[in-house]
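Open the structure in a viewer and keep the selection tool at hand. The stops below say what to select next and what is there.

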Amino acid sequence: MSLVSTKNLIDELLEDQQSLTAVERFSQAHEKATTPVLETHYRSLIPLSKPGEGEQYNFEVDLDACSGCKACVTACHSLNGLDDGESWRDVGALITPDLTQPSQQTVTTACHHCHDPACANGCPTLAYEKDADTGIVHHLDDQCIGCQYCTMTCPYDVPKYNARLGIVRKCDMCQSRLKEGEAPACVQACPNEAIRIRIVPLAVVINRARGGSTLVPGAAPSRITKPSTTFLNLREHEGTATVSADDGNLTPAHAHLPLVIMLVLTQVASGILLFDVISRFFAGDAASPGLWHAVLGAGLAIAGLIAATLHLGRPLQAWRSFLGWRKSWLSREILVFGAWSGAAFAYVATLYLELPGFIDNSIALGAATSGLAGVFCSVMVYVFTKRQFWSLPQTGTRFGLTLLAAGSCFVFPFISLLALATKLGFEFFLRSETRSPFPHSAKVINGPLWRIWSGRVILGSLALALIAGSTVMPTLAFPGFVALVAGEMLARALYFQAVKEPKMPGGITGS
Amino acid sequence: MSSFSRATEEIKKRVRTFSGPLTESLVRERGVYGLGQVPSSVAPEATTSMICGFCATGCSLNLHLREGEASNITPNFDYPVNQGMACPKGWEALAPLKSKDRATTPLLRTDRGKAPQAVDWQTAAETFRDRLKPIIEEHGPESVAFLSTGQICSEEMALLGAFAKFGMGITHGDGNTRQCMATAVRAYKESFGFDAPPYTYKDFEESDVIVLVGSNLCIAHPIMWQRVLQNKRNPEIIVIDPRRTETAMQATRHLAIKPKSDLTFFYGLAHLLIEKGLIDKDFITEHCDDFDAFSDHVKDFDLASVSERSGITEEELTSMAELIGSGKRVSFWWTMGVNQSYEATRTAQSIINLALMTGNIGKPGTGANSITGQCNAMGSRLFSNTTNLLGGHDFEKEEDRRKVAEILSIPEERIPTQNSLPYHSIIDGVKSGKIKGLWIIATNPAHSWIGREDFAGVLNQLDFLVVQDMYDNTETAACADLILPAAAWGEKDGTFINSERRIGIVKKVAKAPGKALSDFSIVRLLSTVWGCGEWFDEWKTPEATFKILQQLSKGQPCDISGIDGYRQIDEEGGIQWPYPEEAIDTDQERRLFSDGHFFTDNQRAPFIFDTIQADPEPPCEDYPLRLLTGRGSSSQWHTQTRTRQSAVLQKLGAKENYVEIHPADAVALGISSGQKIEVASRRGSIRIKSFVNSIVPKGSVFIPMHEETTNQLTLPSFDPHSHQPNYKSCAVRIPSVFKDNKELD
């Protein structure tokens, strides 16, 4: 074999490898088709008419027919042109870890197009639209600023953040397909015809959401959002716990670092300004800590708000966030903290310029109360998610004690010590797997988050020691304050990461 | 409405954007040629269909083409197999092509332990020749072997096998099909006279009783399950499986037999059928041999002892026998639960025997049907030139060798006169130093081989290891001296044969990355450089090669000489073998043996049976648990070299390896779900996440096969007839439970 001819052969093979000729060599199927060929398959799986007054479209899932093949998930991904790994449908499983009745049931799930959608109710920019005719809850991608709040308010983990685009996206029930009489991607793709589109009366949706009823075992109470999906043939096992297959999964939730910083700093700053004002009002200028104290408060306020914008996928669109103020605590939080930052600077300015008392007082009062109002909005932002670990007493106690402990650190160290000690005690109670009302969260804190917890305890103890020391040696106050704030950051990270995120059943070892 | 509200509404209208670039990026439009709406970003200009490259169901996928190149996939509606549906792997079949892990250039490792260097094809092919030829010359034709695959096209397998055995002159070559289908092959050959799965998928729809043995159809072959659901006869679906699998959940009856009691169970059923006279005496007399001996043999399998051994109650056993013997259409289907065992061939034959004795063969909705694993395992069984001489012929038969030599115009003495060693003996040959050169094509034994222990160390003993694969980072490629970059499914032409004997087309619809070449082109190049290129002058293209395969098949049960080329296969929705020139029955969905004539010399099917073998490693005091292995999810394929390339498929499988453990065992060992535990066998020990679930029987644990740690535990034991590995059972223990949840992060 000569060198030249081998080389020719290699060139020929490489060239052939790159030439694509399937179109020329084989005939084109359905050359004259004018309608989708799959139509005969899905005709009975979608309604013939549009929903009437008091009705909406919904997904109907026959759980007996779902065999866990997961084609629906990939079809949603492929037929909607989604990013790598992105899909608006998911498949999990329910199991019965019981001795006598072994059972597993796979559950395909997507957006429930709720009657009272929490995603829309919480959205600061009104980026969700519940279609009046179809009931489809669809997301306005160009309106979204990527705050991801809906990923927390939805009790079914439906909206998913797309980091590449900086926005959230979600299932729209393939509304453009339905409009043309075509089935949604998942409905088309199910080999077992387990997923259908039906028309459901709203009265049914509302009625079945009453009390503590859930879509499937382990899901959030339906009363929160009144989900429209109907699950047929759910296997119930008397006297046997049915749990999600990923029940033992202790993967921590997202840390949301910018939010951790934002929350701690705004609470610290609110506290500092509050106690600054209090000390001036009640102790007189002589006992007040001096201008630096107010400047520190205003500076931390700004730092906190800058951190907040880092959380947004599209910070330049943040101005839209006032739109949702009627319903959204997040929108209100942004508005109030916006005003507060102005008030904080005005307060510093009045101190610096030594303006007349009545101006000074009213601005001081404004700065203090708007800060408190902002922190209250922060609390409500998380309470609104209806996550138990984030309930009003839970969140209020944490955020409030952070505010008290940090705010009083320089002016009333005994209050600071009391607040911080109380908070640490509260947190110790919550990480006890036997006593905490949130055993899952306790397990996550003691398990994968143990390093953060250890850091939190060390910093908190250090802060206690230093602040106590500062009562006799004032130079210890600042390091004490730094330790306190750092400790609160870790505590806030635990607040986010240890929460049990409500969702539909997941797959084995987490999905 | 107050003026304030009006103003708010007005602002809302103006600043709420319903459109824009982000919204447009998801716009859908009506697709061409019968497609529904498709994403505008990948809307096709043309479509063409081809067979999926994962499993042997053989679904047809509709490739959406832009400038001739594939951009998206929808399942093909017109195909008799899948009728517009596909499992997740099919939907995601293009993702593995685009991976950054693709091998793009030949790589040569001159110094083991160091990274390999890129070389050109000339150097690669010459190195192949210069390193392997001297080994063969010095140590003989048994010193170099190849390990092929069920994942490449029949034409490629044939060229590969022909070059290796006739061109290079080596004796031994086997395929990874040994790991999945060898049992069915052997069982069919002995029982039917030829490796001939008799069914068509239509039989799923036409059965009254569907018996699934060791087969988790719902997730292993979801599209076959679709066919079961299309059955309008309200069938009884009986699943025989120790685990309460997804399929067992869907069944009308689940018989959770004790692991490794299957042969006893089926002999017991046969005994019951005979005892109750529920057999088809006419069929047995006219078409079968050795029934009396069989009948004698199963006499010992009385109801009480079979019930005891299998854990199935006497009532259930009796009811099952009555159902099978009721005269209704009964079809039996088995997969890896049967095939991967130490007495697998006889177990498969015990199922075949049930079909024969009840006359459930050759009629609609019947059959003893083995469901195949890989996309072209069936092609490999006929054309890989490993276990069989090309075209289902026999190396040991002179007339077969002459026929093949004549068709191929090669000297008859180039054809080995002895059979190849099976896979495990090739590995043993490497261990003992007899085999010094190995060529591995499109398979990943360093992950998948049973009881793999130090498989990399074994490969290191070779003088020269060639790995030909689409990825250069598989566990096996990491050991290679020479890596040959292969084009993938979708980047080449050829044919696959599916489980129901249907030949389907694979087309080139994507450009291979870098200098990767199809396996076909690689072998053509190697044969040219080796110096035997002229023998393969006729094998210019895959389609020309298909014509050679047709000639080779002539007169065989798998005769496909009547097919008029690729285009006919494409247009007819695949063509099942046989399809001889004088084909009379050209129905799209055909089954074998409707005349009761088998492929044995006397056209009769013998009853084949054996004594029950001892479990090579039953649970004991030291290792009290039994390890079962199998498929984890529908989105994972074997060693995951391809499925791990798709983010969506990854999302649908378990994120890490896990072990299913029964709650009673978990309580006894103090294990809760999610905890890390150690699982150890006599071969090795792995640290793994626990998943407490009652679907696995008490006393057994289950670990999916997709992570490379699993086969550190399995026991290298083999069926004596099929040489298939016994993946499904070995003894293990759980020496440590890591109480500390900190292990989880």
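**Stop one: a loop in chain A**

Select A:Asp157, which is partly exposed, with 16 other C-beta atoms within 10 Å. A residue is buried if 20 or more other C-beta atoms, placed from the backbone, lie within 10 Å of its own, exposed if 12 or fewer, and partly exposed in between. A:Asp157 has a positive phi of about 60 degrees, although it is not a glycine. Its place is the loop between α6 (149–153) and β6 (160–162) of chain A. Helices (H or I, at least four residues) and strands (E, at least two) are DSSP runs, numbered from the N terminus.

This is a predicted model, in which local features need pLDDT of at least 70 and side-chain atom pairs count only at pLDDT 80 or more, while totals for chains, interfaces and linings use all residues. Residues are numbered from 1 along each chain as its sequence is written, and chains are lettered from A and ligands numbered from 1 in the order in which they are written.

**Stop two: a loop in chain B**

Go to B:Arg501, in the loop between β19 (491–497) and β20 (502–508) of chain B. B:Arg501 is not a glycine, yet has a positive phi of about 70 degrees. Is B:Arg501 buried or exposed? B:Arg501 is buried, with 27 other C-beta atoms within 10 Å.

**Stop three: a helix pair in chain A**

Select α14 (residues 392–407) and α18 (residues 477–497) of chain A; they pack at an angle of about 175 degrees, with their axes 11 Å apart. Axes are lines fitted to C-alpha atoms, for helices over the stretch in contact, and angles run from 0 to 180 degrees between N-to-C directions. α14(A) is therefore roughly antiparallel to α18(A) (an angle over 145 degrees). Residues making the contact include A:Arg398 and A:Thr402 of α14(A), and A:Leu484 and A:Glu488 of α18(A). Two residues are in contact if their C-beta atoms, placed from the backbone, lie within 7 Å.

**Stop four: a helix in chain B**

Select α20 (residues 423–432) of chain B, where B:Tyr423, B:His424, B:Ile426, B:Ile427 and B:Val430 are buried. Seen down the axis of α20(B), these buried residues fall within an arc of 160 degrees, so they line one face of the helix. The arc is that of the directions from the helix axis to the C-beta atoms. Just after α20(B), B:Gly433 takes a positive phi of about 90 degrees.

**Last stop: a cis peptide bond**

Select B:Trp577 and B:Pro578, joined by a cis peptide bond with omega of about 5 degrees.

Key
Parallel < 35°, antiparallel > 145°, perpendicular 65-115°, else oblique.
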